[in-house]
Amino acid sequence: MKNFYRKVAFGLGPEDEVPSDPLEWAKSQLNEIPEFSWKGKILTEKELRNYYRDYVYGDRKVLRKKFKNDKEGYKREKNKLRHLTGQKFWWNLELCIRHSEALKSETPVLAKLWYFWGNHFAISEKDFLAQYTTGAYQREIIRANMNQTFEKMVQEATVAWTMIHHLDNNDNVGPKSQEAQWAKEKGRKVGVNENHARELLELHTVSPECGYTQEDVIQMAYVMSGWRPNWGKKRLETGDVHFNGEYHQPGTKRILGKKYKSGRKSLSAVITDLVNHPSCREFIAMKLCRYFITDNPTKEMMEPIIKAWEKSDGFLPDVHKAAVEVAFNYSEKYNKFQNPENWLLIMSKMSDVELVPTPKLMDLYTLGLKPTHEQRSLEYLLRELGHHPYLAKQPNGWSDVSDDWMSPELLIRRLVYAKEAYYKKNRKSQTNEFYEEMVEKNYDNPSEILKTINQQGDLSNRHVMLFNLPETLKS
Amino acid sequence: MKISRRNFLKGSATTLFLAGFNFPVLANTTKKKNLVIIMLRGGMDGLCAVPIIGDKNFEKRRKDLILDETIKLNSDFALHPKLKNFYNLWQNNLGAIVHATNIPYTKRSHFDGQNLMETGGHIPYAIKTGWLGRGMKLGELKGDGLALSLPMPLLLRGIPSNDNFYPSKKRLPRTELLQLLKSVYADKSEHDLANMMEIIANRSMMSSGGTSMSRKNSSLAYKAGLELKKINGPRVAVFEVDGFDTHAAQGGINGSHSDSLIEMDSIFKSLEKGLGNEIENTLVLTLTEFGRTIEQNGGRGTEHGYGSAIFMAGGLLKKSQVYTDWPGLKRKELFEGRDLNSTIDARSVYASAMSTVFDIDFKRIQKEVFWGDKLQDLSDKLFKI
């Protein structure tokens with residue numbers, strides 16, 4: 001049962017009391033969205049997007065022209081521009097905020113679900129989104145809606161600037177729109193871009209299980225045409241997302257057999273229908289089970305989550321509580337392979353590793369300078385582990401199937417960074433007593449585990465062993 | 001690095017796999033053949049790497065980017081002068097080029113294009129496996145793939161148990177600890193983990209005193225060559241080279257596009273060095289998402305285009321040649337009036353290569369890897385069959 005603490009959260013730290021009612025402990029964390037536990041500076045998405053604007057404009061409109069004959073000069077000035085706009089700093093700050101929720105907050109269960117949703121509505125590696133706005137999008141759009149309905153989260157994520165830019169909806173122009181006509185007169189060709197529409201169906205809501213057709217995807221793209229950043233000469237593509245009727249495909253659209261009138265309101269109407277489709281709740285229930293419990297969820301596991309969804313109209317706290325309860329009920333039988341980031345956080349929490357730099361250190365950063373080694377440590381570490389949450393390779397996010405994480409190099413990283421982490425611990429936690437207590441608190445078979453790791457004489461090696469045992473890799 | 005594939009295959013996770021089949025390909029042929037793919041990310045400029053000779057349209061539109069002192073390959077095409085290693089291969093009948101080719105993707109997003117170059121599909125993100133992984137599955141090459149990167153590339157998805165090599169900057173724990181973990185995994189019936197730990201333990205014994213190895217492609221390629229050379233080693237390797245997206249200061253011989261081409265060239269050299277004589281039984285191909293515009297832009301760079309070129313190396317090539325159905329560079333011959341057209345579906349080249357290296361009938365690959373798309377079998381034109 002104690003794997004439940006690692007399954008839905010990150011295990012119990014040395015200061016944590018052992019909950020008398022584990023399930024209640026987990027559920028009680030899911031009602032409210034508390035303030036961030038990070039005590040340092042937190043920027044808004046809009047502020048960060050403006051830094052992105054300054055970078056894009058400076059590079060594209062200024063430097064490329066100025067240094068067209070000077071490769072070295074271009075590189076040098078572009079590098080300066082990177083630092084002037086905080087390109088190497090912001091995502092580190094975001095990771096501090098993110099990881100503090102797992103390690104320092106009263107709501108680690110909420111944090112683990114936050115990571116789930118961030119990955120469900122993934123922003124994958126594109127342009128410099130990761131460096132500027134992905135983290136803020138996950139705070140302001142994803143986390144902020146975790147005490148709302150699923151529908152509200154979809155509505156907001158779909159028209160979030162980062163998502164619109166990520167999935168190219170700015171290139172999605174109705175072929176019969178006013179814009180398409182103007183473009184034609186100028187000899188340019190514009191048309192529909194299906195990316196965002198397809199992912200809204202496939203990845204974010206109903207999934208292919210619902211049986212939509214390619215025509216549904218195109219019709220969905222028509223509905224979405226016109227949702228784009230408000231373009232400006234200086235801000236380029238970084239303006240706020242709005243609905244521009246000149247890009248919108250006129251006429252009635254038909255999606256999954258239902259008709260929608262043309263115009264601004266149609267996107268929201270389609271989303272309402274999508275989230276109420278049975279395939280949507282089945283898909284989300286399956287993904288929650290796959291994240292917490294097993295690579296191959298069963299119908300029985302999904303059932304209570306679907307029920308909670310139906311009863312509450314997709315109210316996320318209720319859906320989350322049902323998922324956590326299923327995870328609890330199946331904790332004896334199933335252990336779930338932990339992705340590298342969650343594994344790192346489990347290790348840091350349980351063994352008291354000072355993973356996150358202090359707010360004081362981060363707030364010392366001055367724009368224009370290269371962040372220090374310490375200020376960049378999280379971003380570097382996650383990349384080394386092969387799992388940077390803002391750099392998924394595809395819009396379907398990072399995999400939560402264990403096969404995809406089985407490779408020699410990825411396991412080597414867990415060995416070497418477990419060792420590194422040991423030396424980041426303070427002295428008082430580098431004792432046998434500390435490990436005995438921690439193992440007792442977090443594992444159902446403490447004597448077996450201690451016997452195994454104690455075959456290594458050196459405490460740092462015992463630490464490496466412990467966090468690479470099957471019991472820890474799979475929780 | 002030492003990867004003991006046969007040990008790897010002994011793990012019980014694979015017993016099931018072997019039970020139903022005769023031992024694949026290797027047992028039936030004496031030669032072990034290798035396929036190496038180098039992914040060139042960002043859009044490789046085929047016309048910078050392999051410029052056409054004496055075309056006024058080209059010279060006019062790219063006047064600041066035309067290279068001096070190119071190496072003449074034949075009456076029509078020249079080679080970028082910095083590709084010295086490739087030219088060496090060419091002179092020994094170990095290098096060839098397919099020109100005016102691309103995957104069937106005509107839009108200009110890196111993001112979508114790189115997805116499609118790896119999946120081999122038509123709709124971005126619709127396919128979740130790579131064409132190479134599917135081809136390997138058809139050839140029953142489980143455990144035979146080696147990625148020289150940390151995350152497994154999408155290109156290799158579709159067959160499990162691939163290996164990867166991308167050295168950590170940190171020192172591995174002692175072998176004794178690794179062996180202990182391996183036995184714990186085995187005791188707990190965690191066969192996948194035990195297999196991985198076996199590979200890791202062997203690898204650690206080979207590393208020299210724990211000093212970290214270089215992640216440079218030239219260094220990775222040498223290691224990969226040594227592995228591919230082994231009869232029990234991997235049969236497929238995948239590299240990545242970034243930086244081809246040169247919107248500005250693409251420059252001439254010393255421009256930014258050249259830097260990436262030189263990196264690609266260093267892979268050819270190191271692979272050859274590592275492979276030794278086994279270069280004879282190897283085929284190396286490049287892969288990119290699209291070429292670049294013919295016209296230079298205001299920043300003396302180029303924009304995203306369409307047709308590009310494929311570099312090929314190795315002893316399984318038929319001969320040194322620039323294989324092309326040249327579409328011409330007059331405005332009306334260009335794709336959308338701006339890009340080199342693609343007259344050969346690049347997937348025909350990759351399907352033919354897999355057919356040659358994996359000894360699988362081309363039609364089966366066409367049908368099962370590329371959904372029966374209309375592809376040409378170019379095996380007899382490009383490769384030794």
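## Helices α12 and α13 of chain A

In this predicted model, His196(A), Ala197(A), Arg198(A), Leu200(A) and Leu201(A) of α12(A) are in contact with Val217(A), Met220(A), Ala221(A) and Met224(A) of α13(A). Two residues are in contact if their C-beta atoms, placed from the backbone, lie within 7 Å. The residues of this contact are 7 nonpolar, 1 polar and 1 charged. Nonpolar here covers Ala, Val, Leu, Ile, Met, Phe, Trp, Tyr, Cys and Pro, charged covers Asp, Glu, Lys and Arg, and the others, Gly among them, are polar.

Helix α12 spans residues 195-204 of chain A and helix α13 residues 214-224; they pack at an angle of about 115 degrees with their axes 8 Å apart. Axes are lines fitted to C-alpha atoms, for helices over the stretch in contact, and angles run from 0 to 180 degrees between N-to-C directions. α12(A) and α13(A) are therefore roughly perpendicular. Angles of 65 to 115 degrees count as roughly perpendicular, under 35 as roughly parallel, over 145 as roughly antiparallel, and the rest as oblique. The crossing of α12(A) and α13(A) is right-handed. A crossing is right-handed if the near helix is turned clockwise from the far one by less than a right angle, and left-handed if anticlockwise.

## Basis of the model

This is a predicted model, in which local features need pLDDT of at least 70 and side-chain atom pairs count only at pLDDT 80 or more, while totals for chains, interfaces and linings use all residues. Residues are numbered from 1 along each chain as its sequence is written, and chains are lettered from A and ligands numbered from 1 in the order in which they are written.

## Two further helix pairs in chain A

Helix α18 (residues 340-351) and helix α21 (residues 408-422) of chain A pack at about 25 degrees, with 11 Å between their axes. The two helices, α18(A) and α21(A), are therefore roughly parallel, and their crossing is right-handed. Pro340(A), Trp343(A), Met347(A) and Ser348(A) of α18(A) make the contact with Leu410(A), Arg414(A), Ala418(A) and Ala421(A) of α21(A). By class, that contact has 6 nonpolar, 1 polar and 1 charged residues.

Helix α3 (residues 45-66) and helix α4 (residues 71-84) of chain A pack at an angle of about 155 degrees, and their axes are 10 Å apart. This angle makes α3(A) roughly antiparallel to α4(A). α3(A) and α4(A) also cross in a right-handed sense. Tyr55(A), Gly58(A), Asp59(A) and Leu63(A) of α3(A) meet Tyr74(A), Glu77(A), Lys78(A) and Leu81(A) of α4(A). The contact residues divide into 4 nonpolar, 1 polar and 3 charged.

Chain A has 25 helices and 4 strands. Helices (H or I, at least four residues) and strands (E, at least two) are DSSP runs, numbered from the N terminus. The radius of gyration of chain A is 24 Å, close to the 23 Å that the globule rule gives for 475 residues, so chain A is as compact as a globular protein of that length. The radius is taken over C-alpha atoms, and the globule rule is 2.2 Å times the number of residues to the power 0.38. The C-alpha trace of chain A spans about 80 × 60 × 40 Å along its principal axes. Of the 475 residues of chain A, 52% count as buried. A residue is buried if 20 or more other C-beta atoms lie within 10 Å of its own, exposed if 12 or fewer, and partly exposed in between, with C-beta atoms placed from the backbone.

Chain B has 14 helices and 11 strands, and 54% of its 385 residues count as buried. Among contacts in chain B between residues at least 6 apart in sequence, 73% join residues at least 24 apart. The corresponding share in chain A is 72%.

## Where chain B touches chain A

In the interface, 41 residues of chain B are in contact with 36 residues of chain A. On the chain B side, α6 (110-119), β6 (163-164), α8 (175-187) and α9 (191-206) give two or more residues each. The largest share, 6 residues, comes from α9(B). By class, the chain B side has 23 nonpolar, 10 polar and 8 charged residues.

## Single residues

Leu256(A) has a positive phi of about 50 degrees although it is not a glycine. Leu256(A) is placed in the loop between β3 (253-255) and β4 (258-260) of chain A and is partly exposed, with 18 other C-beta atoms within 10 Å. Asn93(B), also not a glycine, has a positive phi near 60 degrees. Asn93(B) lies in the loop between α5 (84-91) and β4 (95-102) of chain B.
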